[in-house]
There are 2 protein chains.
Amino acid sequence: MTSAPSQDPAAVGKMVYLFGNGQADGDGNMKNLLGGKGAGLAEMSRVGIPVPPGFTITTEVCNSFYALGSQNPDGLEDAARAGIAHVERTVGMGFGDPENPLLVSVRSGARVSMPGMMDTVLNLGLNDITVAGLAKRSGDERFAFDSYRRFVAMYGDVVLGMKPESAKDADPFEERLEAMKHKRGVEFDTDLSAADLKELVSEFKAVIKERLGVEFPDDPWQQLWGAVGAVFQSWQNPRAIAYRSMYGYPGNWGTAVTVQAMVFGNLGDDCATGVVFTRHPATGERRLYGEYLVNAQGEDVVAGVRTPQPITKEDGASSNLPSLEGTNPTGHNDLVEACNRLEDHFHDMQDIEFTVQQGRLWILQTRSGKRTGRAMVKIAADLVDEKQITEAEALLRQEPEKLDELLHQTFDRSSASDTIARGVGASPGAAVGKVVFSAEDAAAWAARGEDVILVRIETSPEDVVGMSVSQGILTARGGATSHAAVVARGMGKTCITGCGALQIDYHGERFTVNVAGRGPITIRQGDVISLDGTTGEVMRGAVALVDPVLPAEYERMMSWADGARRLKVRANADTPEDAARARAFGAEGIGLCRTEHMFFGKDRILAVRQMILASDEAGRREALAKILPMQREDFNGILKAMAGLPVTIRLLDPPLHEFLPQQAEEIADVAAALGVDRAEVERRVEALHEFNPMLGHRGVRLAITYPEIYETQAQAIIEAACDLKAAGVDVMPEIMIPIVGLEAELKQLRAQVTEVAERVIAQRGTRVDYTIGTMIELPRACMVADKIATHADFFSFGTNDLTQTTFGLSRDDASRFLPAYIEQGLLPRDPFVELDREGVGALIKIGVEKGRSVHPDLKVGICGEHGGNPASVEFCHNAGFSYVSCSPYRVPIARLSAGMAAAAEQVSAMSLAG
Amino acid sequence: MTSAPSQDPAAVGKMVYLFGNGQADGDGNMKNLLGGKGAGLAEMSRVGIPVPPGFTITTEVCNSFYALGSQNPDGLEDAARAGIAHVERTVGMGFGDPENPLLVSVRSGARVSMPGMMDTVLNLGLNDITVAGLAKRSGDERFAFDSYRRFVAMYGDVVLGMKPESAKDADPFEERLEAMKHKRGVEFDTDLSAADLKELVSEFKAVIKERLGVEFPDDPWQQLWGAVGAVFQSWQNPRAIAYRSMYGYPGNWGTAVTVQAMVFGNLGDDCATGVVFTRHPATGERRLYGEYLVNAQGEDVVAGVRTPQPITKEDGASSNLPSLEGTNPTGHNDLVEACNRLEDHFHDMQDIEFTVQQGRLWILQTRSGKRTGRAMVKIAADLVDEKQITEAEALLRQEPEKLDELLHQTFDRSSASDTIARGVGASPGAAVGKVVFSAEDAAAWAARGEDVILVRIETSPEDVVGMSVSQGILTARGGATSHAAVVARGMGKTCITGCGALQIDYHGERFTVNVAGRGPITIRQGDVISLDGTTGEVMRGAVALVDPVLPAEYERMMSWADGARRLKVRANADTPEDAARARAFGAEGIGLCRTEHMFFGKDRILAVRQMILASDEAGRREALAKILPMQREDFNGILKAMAGLPVTIRLLDPPLHEFLPQQAEEIADVAAALGVDRAEVERRVEALHEFNPMLGHRGVRLAITYPEIYETQAQAIIEAACDLKAAGVDVMPEIMIPIVGLEAELKQLRAQVTEVAERVIAQRGTRVDYTIGTMIELPRACMVADKIATHADFFSFGTNDLTQTTFGLSRDDASRFLPAYIEQGLLPRDPFVELDREGVGALIKIGVEKGRSVHPDLKVGICGEHGGNPASVEFCHNAGFSYVSCSPYRVPIARLSAGMAAAAEQVSAMSLAG
């Protein structure tokens, strides 16, 4: 908490700072004195942006006001009169002028933004005389009286204190407005006539008289003094005090008061109002793009009452409408100049609201414009070429998630679509296909050339093959990190999960959704649907698709990111195909190769089941002997695809029952392989049931009870590595032990794996280098990371499981209450999507610190789903990770995010140095 | 890690320290110089204990030995000769004397115990001549030659280096021994004759000659120098180096070498050997209790070859055997004197091994004697009365777990029993009853007056009523903290869990166990079995029971503990009966009242199910309206039973599906109550399925989605409290929100509960004080405990769930691999029984520190199963907890443990001050 040095609070320097007309007394650095708003307006005015003129009363005056017992210090009124005179001169209107009345806004402004905490008065300067002038000049009496009645109510509430103390009590102005609508038999404010509004103004003034015993002040000057005092007072209102206390802002900062001319785009045909982007927000081209309306208010552009006209001739030509450039070259030139200045100042594409009042351009608001992924990379690259920003700054302008738009096929949103349900957009992309309800059907239909969408209540590892041949996956349960979501992202498949509206009837081979206003809609097997994996929309029928074309700027941006980043980026990949795809996307290794994903091939699952259901070690070894050559072949493929790069292979992780036979036929097959009867197999399957499989017999725990499983996997890895090395392929296997929570577990497994590896190396006669490390995915592992690190060459934080255990939250079950948490604001976001820094992140930091305390060069990575989430990548960068690993399609996003994290450091270091 | 200052390693002071004959050069404080063993022998000798005499060569000599390149420093041999002369004088035998040979042991001894790491030589001094003397004096030629062949082999291995390098290679002496047995056609070593053994000695010497080219040294002096050098060398053997490195002990500590006379109890009828306790180990009475054999070796007493004789006349009279006291009053007096000295020295009951050689008593070993719980409290109290120890020291002598023996009925172990299986002794006690296989049968049989044992594969909350009417519970699955175990301990019921040998056939109403050597044994419904909840033994038939009678010393011990302890002790109790029982055991409040345990009454479960399966809030509120008066009655009962003491009531915690109907009839009942059809109920039941219920929709998460549940519970609590207060009962309700992981959760719930409470208080017109706190049972809660604490009046660490989440380990599933972890030494003990300090404890410390950092007087307790575990109570004391809470029957154990933790501090402070 900062606190100002003690000083005489009544001592005040210059009280009023003018701005407008390309000049300003203050500048952007004077936030403490002028507030954030006043300083910003001064700065814009100073660099030639035509902002409506005005003046700012300093925070010192505010403090003096309080020190004097809520009195204005001497000299303030004179200074303010000089300020109003400056505004009058600049806009060519008069404060209280019956013909051409200047109206002003009076706003608060502290050195930091305190949104909504303090008061504002708009349209100040209106009275029964000036309202006529406004009506005449605007040619819109209704508009004039609507402004007037709003002003009286706002002034009554804010300045005169008519606002009820409790939100439960009725606002007297609202009451009268409602009564008037009732009397007129209309529903909306906009249905009231100018005469109605005029009558309301009288009623408003009457209620003020009645309640407070004072007349509403008609004198604009009296209005102004009242409003300035009220804004000062609002610095000490209870909600402002509470807000400051919450953020630790001291009370002696005070607020500034900015008085600024109101401008109107509806005072005649020499008036207009519009919105313009300084570059094209969809393509990024450097040209103005926007629209405007002649003689209109700002709301009219948005409301779509009249068709707006384009800004440029080019857009005019294509839309067959007169453009600003064509019809008003001067206005256009002014706008171009203002846009240029704004871009020069902010070094970014701006989204600008402007008003032309009687031929004069005013900029009302400017902000960085929203843009597509394509425009994002082009604009940033262009700005670098224009020397407006550095490459590091260009990186910081990127929103990495938007790369998705560039990398996936997308729907042509200009074509018609019929959305029937919405779920979690779990894996981006656009998929169109015929609905099937089982992995078997998916495989069969795909085999005959059909595009299919696999629809399931949820998916399980047995569905993986079916998923891999589908265009997209749709599930009724599960969230953004459910099995379906994780596997789909790994495959780059479009996927929507947690679509609770789906009532799936497997038996009837159909699903039903209730669409509001349309009743139940049934989709049967073979019907075509479209899935938008970004928005989560499920659409009936085939929506048209468009192919991605990567812009040249994409490659430039990625090369800057790669140049800047310290974090390596690897991919999670389980097959040579995935590995090759990841490599194409720039992956620098495999951070997570899940060996269990290799177990579901038709030729393998029987041997795996035989292993699981064997009654003793000999039986397991017999089955493992069948699995060994298959796994060796798997590892051979993936190590070869990643030649020259490290491949982290995780030994078997999930609870064994995930592989169990469920169908009668499968059970019979296993019984035959084991030479026991079906009842015995059923008994063993039953015995493997777990109450909480996520917390059960899995990972290293399998290896403690059945050492032969990891021994076989280690043998397959090292045999594959030796064979490749002998054939001249550069291999870098990293063997990873999952679910370690005890030092003793890793110590024992490291010894076992090393023994196997050295035996294979001796047998094969080829030395390969390999490392042995562990997943850190349990809170306990973080707490004892220093001990675990003595047996580890690397740590890979498994943030999926670490999030589950830290929160005590099963991601498969969270969909029942997590949405309520997000909705009620209890959690800012899904912690399975963006790493929870406060809890999980704190544990990770402990883990990294403890690990490096005994093993300073410990390699540290992350292989949870968070490895591809930009905010989480930033966390990993800051926590000193060596690499992140994510699904192949997110590799570019992770590269960009990692580059941004490094660029942020550079920029921050430079700004400190500067 | 301590490390000695650098010094000239060859500089040596006094080399040899004599002991024996009531004197010693050294004392018990000289461990660094004499090693732990040498210092201990010196101390015993000094206080008049007749230990076999000997001398210790210092660790300085060891260091000098290394500094000189494995040479003895000058003067060592002279000093050792003087030492041997001292031993000869003291025992009246001669080293190398053909008639009366002195034999010695040569042992290593570092300043800390390094068990098995270094070498030892026994029976040194034997050769072809002295063996004859030994044979003659012992009258047992076989014994003499057996000692000789052992000596030759041991010397050959340790000193001459015959021991094979790898354990896989055959030991040459073992080979010859095996060959001899083969030749003689015998199975055991003991079947070989003196002549055979003599022949073996020759063969052993021959193989040494053959392998090493040296003669076995017959000269006792040469033997001695060899053995001393070998012991020095063993300080640097690889396993000793590895051991030191593991514990961080520096290599320059060195080892001492102790040379001590061997004494024999079988050299004639003036010899004997025996074991004696200085007080009765079962009753604690102050009198010798033990047995001995005349003219025998120590092993003979244990082997049961001859019937040993009692020590005292009293025991002699009752066993009709001649006693030492009666037959050899002098020997008895010597023994009494030695025992008195040992008790005076160690201030505790000793378990002593002694040998009388030619009329002379030698104490071979003494240690604190094992005792029953009854003897434990009596002996400690007596020692206080005898002014031997303080009350604090008496407390530190207690093993709190042993109080169980005093508090529960136990089996009469003198009667016959037939153990057919063994499981986890999950809740102590002794139970006898007829086997039933369902809670319903248990209730029905108990209703007609039968004692029953409920046997289940596992139990679920629906079994609670059946458990409460059973004598004991036996389950095939689950560990010491499974549902069955937790509930049984809460009820004080005997329970054995995880008895994997049980093959339960519910349909056939029987279980089968395979007993080694006896084949399958089947127990049918109605058969009587007995359960020992302490040992985990399952016995066929009814084993006789004995009632507990609390000794007066128990109450004294508890009053000392209560006087010493800072920790409050509360109980986990869910009913007024449990609460009253806990209060009788000294509980100072309820630390955990589980409201869900109240939901299983026959009159309630339907309303609970109706609530869970309602389709909307209105439906839930309708069902909750039925539940409200029942819960109010529950809370009324428990608050009344605990009048004047705090009662922490946990709002609903478990996943809702635990309450779901399973049987067709139950489903029909719920459907009728809800007014929907059965299929709809089945659909909703299915929809509530969770993959990992432990990590699912439970605790505060239920309240976030269905606020009305906690609102109703809070209303019931405060209504009950108001009613009691109005009736003059002092109530202290503490409302506890479970499964909190986010600050926002507790903030929201605190506001909701407070609103309900204040409303009730206003309605009832009676102000009651209540507090609101939370369980800390998730790692995330520990990491953000400072934020959570701003909304909490108290923290209660739920160490069951915290252990589950920290380890990522479901206690319901852990029985499949946790036993392997304990067996393989990966985990020292079950972390659900004794708190894991390294991981879970570290998180708890973070939680307490963070919580108290913002809320210094935050009340902190524990309500997991660990609250009654002595080591865990100690942890809680050290971590600054305010209280522990445990099941009622463990309250005395927790009180005692808490007293011990405080006493340990006192004693440690005094020893520092002293």
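Analyst: A definition comes first: two strands count as paired if DSSP finds at least two bridges between them, and helices (H or I, at least four residues) and strands (E, at least two) are DSSP runs numbered from the N terminus. This is a predicted model, in which local features need pLDDT of at least 70 and side-chain atom pairs count only at pLDDT 80 or more, while totals for chains, interfaces and linings use all residues. Residues are numbered from 1 along each chain as its sequence is written, chains are lettered from A and ligands numbered from 1 in the order in which they are written, and side-chain values use heavy atoms, with hydrogens and water left out.

User: Ok, how many bridges join strand E3 of chain B to strand E6 of chain B?

Analyst: Four bridges join strand E3 (residues 54-57) of chain B to strand E6 (residues 256-261) of chain B, and the two strands run antiparallel. Within this pair, B:Ile57 stands opposite B:Val257 in E6(B).

User: And what order do the strands have in that open sheet of chain B?

Analyst: The open sheet has six strands in the order E2-E1-E3-E6-E4-E5 (chain B), with antiparallel pairing. Its edge strands are E2 (23-24) and E5 (120-124) of chain B, each of which pairs on one side only.

User: What about chain A, what is the strand order in its open sheet of six strands?

Analyst: In chain A the order is E2-E1-E3-E6-E4-E5, with antiparallel pairing. Strand E2 (23-24) and strand E5 (120-124) of chain A stand at the edges with a single partner strand each, so one side of each is left without a neighbour in the sheet. Further in, strand E1 (residues 16-20) of chain A pairs with strand E3 (residues 54-57) of chain A in the antiparallel sense over four bridges, and A:Val16 stands opposite A:Ile57 in E3(A).

User: Back to chain B: do strands E30 and E31 pair in the parallel or antiparallel sense?

Analyst: Strand E30 (residues 794-797) and strand E31 (residues 859-862) of chain B pair in the parallel sense over four bridges, and the bridge partner of B:Phe797 in E31(B) is B:Ile862. E31(B) is also joined by two bridges to strand E32 (residues 883-886) of chain B, again running parallel, where B:Ile862 has B:Val884 as its bridge partner.

User: Changing topic, how many residues does each chain bring to the contact?

Analyst: Chain B and chain A each bring 49 residues to the contact, where contact means heavy atoms within 4.5 Å. The two chains bury about 4,700 Å² between them, 57% of it on carbon and sulfur atoms; buried area here is the accessible area (1.4 Å probe) that two parts lose on being put together, summed over both. In chain B, the residues that lose the most area to chain A are B:Phe691, B:Leu695 and B:Arg780, together 15% of what that side buries.

User: How many salt bridges are there across the interface?

Analyst: The rule finds eight salt bridges across the interface of chain B and chain A, a salt bridge being a side-chain nitrogen of Lys or Arg within 4 Å of a carboxyl oxygen of Asp or Glu. One of them links B:Arg816 with A:Glu690, the closest N and O atoms being 3.5 Å apart.

User: Which helices supply that side of chain B?

Analyst: Helices that each supply at least two residues of the side of chain B touching chain A include H25 (678-687), H28 (743-764) and H33 (837-854), and H33(B) gives the most, with five residues.

User: What rotation superposes chain B on chain A?

Analyst: A rotation of 179° with 0.6 Å of shift along its axis superposes chain B on chain A (RMSD 0.7 Å), which is the relation of a two-fold axis. Copies are superposed by least squares on the C-alpha atoms of residues with pLDDT of at least 70 in both. Of the residues of chain B, B:Asn692 comes closest to the rotation axis, at 2.0 Å (C-alpha).
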